[in-house]
Amino acid sequence: MTNRLGGPLVGALVGLAAAALGAVFLTGGGFDAHVLAIAAGSVLVTAVVAFIAGKSIAPAAGPALQAPAFAPASGTGAVSGAIPVGQLQESARAAQNTADRTVLVETCIWMRDRATSPALAQHLDGAFVKVGVAQVDATGQRFDPAVHEAGSTVAARGPADEGIIARTEQIGYTDRGRIVRHPIVTVYRGQGVRA
């Protein structure tokens with residue numbers, strides 16, 4: 001196995017630069033070391049995860065690539081032989097791309113939650129739409145523990161409100177239909193019933 005340092009290293013440097021800019025711009029124009037420390041910490045964690053996951057399969061030299069000692073009976077239609085290295089690398093690249101996308105989406109959601117600038121929040125929301133990340137506001141839907149997280153309950157106004165979401169406390173997110181973060185909601189419940 002070989003390490004690919006280029007991608008994670010460049011990503012970490014760009015992330016640290018973005019963290020420094022965030023420490024300046026998100027705090028109203030003044031430098032805030034606390035904001036920089038929080039942002040830089042998440043960037044460094046992301047870089048370490050990318051470095052660890054950045055392993056790639058490299059073709060080995062020597063006997064490891066020799067054909068197996070067994071062969072299927074002729075006429076059975078079975079195919080024998082090693083899986084092509086290119087196919088393994090393609091699969092590893094696809095898995096790495098998925099992992100990288102997940103880290104980036106989760107980081108952008110984290111940034112969106114903390115954005116104090118309406119312009120930055122609007123820019124992130126527009127970027128989410130372009131790449132297939134959607135916000136989930138579950139207000140008015142029937143509570144489903146598979147897709148919602150109950151944060152609290154309020155008394156139902158009537159029997160029809162029982163189990164309906166009164167409001168969304170924290171917006172959820174989906175990435176191309178896959179739940180990234182469940183929305184945290186307040187649910188209407190009758191007296192003495194808890195979510």
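Biologist: Among contacts in the chain between residues at least 6 apart in sequence, what percentage join residues at least 24 apart?

Modeller: The figure is 63%. Keep in mind that this is a predicted model.

Biologist: How many helices and strands does the chain have, and in what order do the elements run?

Modeller: There are four helices and eight strands. Read from the N terminus, the order is β-α-α-β-α-α-β-β-β-β-β-β.

Biologist: What share of the residues counts as buried?

Modeller: Buried means under 20% relative accessible area. Of the 195 residues in the chain, 22% count as buried. The accessible surface comes to about 12500 Å². Carbon and sulfur atoms account for 63% of that surface.

Biologist: Which residues of α4 are buried?

Modeller: Start with the general idea. An α-helix has 3.6 residues a turn, so residues three or four places apart point the same way. In α4, the buried residues are Ala-121, Leu-124 and Phe-128. Viewed down the axis of α4, the buried residues fall within an arc of 65°, so they line one face of the helix.

Biologist: Which residues are exposed on the other side of α4?

Modeller: Pro-118, Ala-119, Gln-122, His-123, Val-129 and Lys-130 are exposed there.

Biologist: What do the buried residues of α4 pack against?

Modeller: Three elements: helix α3 (85-114), strand β3 (133-136) and strand β6.

Biologist: Which residue follows α4, and what is its phi?

Modeller: Gly-132 follows α4. Its phi is positive, near 90°.

Biologist: Take Asp-175 next. Is it buried or exposed?

Modeller: Asp-175 is in strand β6. Its relative accessibility is 5%, so Asp-175 counts as buried.

Biologist: Which residues does Asp-175 touch, not counting residues up to four places away in sequence?

Modeller: Its contacts are Arg-101, Val-105, Val-131, Gly-132, Val-133 and Val-180.

Biologist: Where is Arg-176 found?

Modeller: Arg-176 is in the loop between β6 (172-175) and β7 (178-181).

Biologist: Is Arg-176 buried or exposed?

Modeller: The cut-off for exposed is over 50%. Arg-176 has 61% relative accessibility, so it counts as exposed.

Biologist: What is the phi of Arg-176?

Modeller: Phi is positive, about 55°, although Arg-176 is not a glycine.

Conventions
Residues numbered from 1 in each chain as written. Predicted model: local features only at pLDDT ≥ 70, side-chain atom pairs only at ≥ 80, totals over all residues. Heavy atoms only, no water. Helix = DSSP H or I, 4+ residues; strand = E, 2+ residues; numbered from the N terminus. Buried < 20%, exposed > 50% of the residue type's maximum accessible area, 1.4 Å probe, protein only. Contact = heavy atoms within 4.5 Å. Areas by Shrake-Rupley, 256 points an atom, 1.4 Å probe, with all protein chains shown as cover. Arc of directions from axis to C-beta.
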